[in-house]
Amino acid sequence: MARPTTETDLITATAQPRPYWSANKALYAAADTSALPVQGEIQIRPAPWTLEVYGTMDCNVACDHCNADERNHAYGQGSMPLEMMERLHVSIANMGVRGVQYCGGGEPLLWRGGQIADFIAALPRETTRAGMASNMTMGKVLARPEVLDKMVFVEVAVFAYDDATYEAVAKVKHGQSRMEKAVRAVLAARQEAGLATPAINAKVIINSTNYRWLRQIYAWAEATGFDSIHLRLADDYERRGGGFVLDEAQRTQFRADLEAFAAERGLTEWADKIGLILGDDNKGVTGTHSHCWTVATGVNCWVLANGEVYICGPQWGNEQYLIGDLNHGNLEDIWGGKQHQQVARRLIANMGLSRCYELGCRHIKQSIAVDQWTAGAAVVPPQAEFEQRHAWFL
Ligand code: SF4
C-alpha cells in the first residue's frame, strides 16, 4: 500500500544518520585533501574541517537523560576564560576552520551570559560558519541578524510540551516557555532579515519519563515552527544507569505509539526509520576495522572549556589521547604537531582494543566510504546536495 505523502518533508529520523550523511560526505574532505596519505600514514590537514567547542561544562537544566552531567562535574563545571576564547577564535580565523560547533552539554549559551553570540557574529563569513546544540532557554541572544547570518543550524533539545512536563524531565521551572519564546524570536529575526539559515531543528529525546508524550511534543514543535523534528531515544552510552533508558515494556509501547502516529500523520521518514530510531538495527560495523581517515587526516577537533584539545569524539577526556592544551599554546601550534601525530597513530593502533567500530562511531562508516572511493568503487555524490547541508560541517 502506498504511504500517504508527508506534509512536512523536512522531518527526519536521526537515530542514525542516513548513509549519505554519515559516510559519503567524508568523500568531500578526502577529495579536498590534495594528496590523501596512503593507509597507515598520518597527514594532518592545515585546519580541522569541523571544530567543536565546549565553552562551559556547566548547564542550567538537569535532564534525567543527560550523559554529560557526571562528566561535567569531573571537569568542575568549568568555563573557558575569555582570553582563551578570544585566542581560539583568532586561530579559527587564521587557520580557516570551516565549521565551528558550539556544543551542548554544558550549555553553550550559559558561557558569560550568552556572550558566545558576539563571537559568532565576528566569525569570518567567507571561510567559517557556526552551528550550535543548545537547550535554548537563554536563546534570545541569538536573535540578531549578524549572529544568524553566520549560523548554519541550531539543534534544540526538546523533551516536553509545556512547563510542567519540562520540569518533570529537567527539574527547572518555566523552561519550556523560555525556550519557546527564544525559538520564536530566532525564527522571527531570521525571517525579518530575509535569511535562509540557520535551520532551527527540534532534537526530540525520548526517555522513560516522556515516552508517552510523542503526540503532544510533536504538536508543540510543529506549532512553534521548527524547520525539522528529529527523534531519538535516550541512550545510556556512558553506562550511568539511573533508569532513563526505556525498558522492554516501554519500548514496545513507544514503538506502537510511533507506528500509529507516523501512519496517521504520513510521517514517512519516521515510519521508514523505526528500526533506527528504536536502535534495533546494528549501529556500528560488525567486522574488525583498523583505520580511521578522520583521525589520520585531521577532520575533526574538540576543544574543552579547560583548554584541552582532542581529535576523536568518543575519546575526548581520555588523557592518553590529548593532543595539546590551549593554556600552553595556540591551536595553530598544537594542530599537526608532534603530539598530534603521535596521538593519531595511537588512536588508530588502538582501534581493535577500543572496538570503536562496534560502537557505531560515524567516522567508521566515513572511513569505509573513503576506502571505497580510493579503490574506485564509489563516486562523490552531487555537489549541490553537499553544499546545502554539509559544506561547513563534517
Ligand atoms: S572512535 Fe574510532 S572511528 Fe571514531 S573517530 Fe575515534 S578512532 Fe575514528
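## Burial and the model as a whole

A residue is called buried here if 20 or more other C-beta atoms lie within 10 Å of its own, exposed if 12 or fewer do, and partly exposed in between, the C-beta atoms being placed from the backbone. By that rule Glu 155, which is found in strand β4, is buried, with 22 other C-beta atoms within 10 Å.

The structure is a predicted model, in which local features need pLDDT of at least 70 and side-chain atom pairs count only at pLDDT 80 or more, while totals for chains, interfaces and linings use all residues. Residues are numbered from 1 along each chain as its sequence is written. The protein has 18 helices and 9 strands, where helices (H or I, at least four residues) and strands (E, at least two) are DSSP runs numbered from the N terminus. Of its 394 residues, 45% count as buried. Two residues are said to be in contact if their C-beta atoms, placed from the backbone, lie within 7 Å; among contacts between residues at least 6 apart in sequence, 77% join residues at least 24 apart.

## The sheet

Strands are taken to pair if DSSP finds at least two bridges between them. On this basis there is an open sheet of 9 strands with mixed pairing, in the order β6-β5-β4-β3-β2-β1-β7-β8-β9. The edges are held by β6 (228-233) and β9 (324-325), each of which has a single partner strand, so one side of each is left without a neighbour in the sheet. The partner strand β5 (residues 199-206) pairs with β6 in the parallel sense over 6 bridges, and within this pairing Asn 201 has Ser 228 of β6 as its bridge partner.

Further along the order, strand β1 (residues 50-53) runs parallel to β2 and is joined to it by 4 bridges, with Thr 50 partnered by Gly 99 and Val 53 by Tyr 102. Strand β1 also pairs in the parallel sense with strand β7 (residues 300-303), again over 4 bridges, and here Thr 50 stands opposite Asn 300. In β1, Thr 50 and Glu 52 point one way and Leu 51 and Val 53 the other, and all are buried.

Strand β2 is likewise covered on both faces, with Gly 99 and Gln 101 on one side, Val 100 and Tyr 102 on the other, and all of them buried. Its pairing with strand β3 (residues 129-134) is parallel, over 4 bridges, and places Gly 99 opposite Arg 129. Together β2, α5 and β3 make a right-handed β-α-β unit, meaning that, with the strands pointing away from the viewer, the path from the first strand over the helix to the second runs clockwise.

A nonpolar core is a set of buried Ala, Val, Leu, Ile, Met, Phe, Trp, Tyr and Cys residues joined through C-beta atoms within 7 Å. The largest one has 113 residues, of which Val 156, Val 204, Ile 217 and Val 303 touch the most other members. Strand β4 (residues 151-158) gives the most to this core, with 7 residues. Leaving out residues up to four places away in sequence, Val 204 touches Val 158, Phe 159, Ile 217, Ile 229, His 230 and Leu 231.

Which residues does Glu 155 contact, leaving aside its neighbours within four places in sequence? They are Ala 133, Asn 201 and Lys 203. Glu 155 also lies 8.1 Å from Gly 131, C-alpha to C-alpha, although the two are 24 residues apart in sequence.

## Backbone details in the loops

Most residues other than glycine have a negative phi, and most peptide bonds are trans. A cis peptide bond, however, joins Thr 197 and Pro 198, with omega about 5 degrees, and Pro 198 is placed in the loop between α8 (175-192) and β5.

Arg 112, in the loop between β2 (99-102) and α5 (116-121), has a positive phi of about 45 degrees although it is not a glycine; Arg 112 is partly exposed, with 16 other C-beta atoms within 10 Å. Lys 171, in the loop between α7 (163-170) and α8, has a positive phi near 65 degrees, and with 12 C-beta neighbours inside 10 Å it counts as exposed.

## Around the ligand

The ligand is surrounded by 13 residues, the closest being Cys 292, Cys 312, Cys 356, Cys 361 and His 363, where a residue is near a molecule if its C-beta atom, placed from the backbone, lies within 6 Å of it. The elements that give two or more residues to this shell are α13 (293-297) and α17 (362-374). The shell divides into 9 nonpolar, 4 polar and no charged residues, counting Ala, Val, Leu, Ile, Met, Phe, Trp, Tyr, Cys and Pro as nonpolar, Asp, Glu, Lys and Arg as charged, and the others, Gly among them, as polar.
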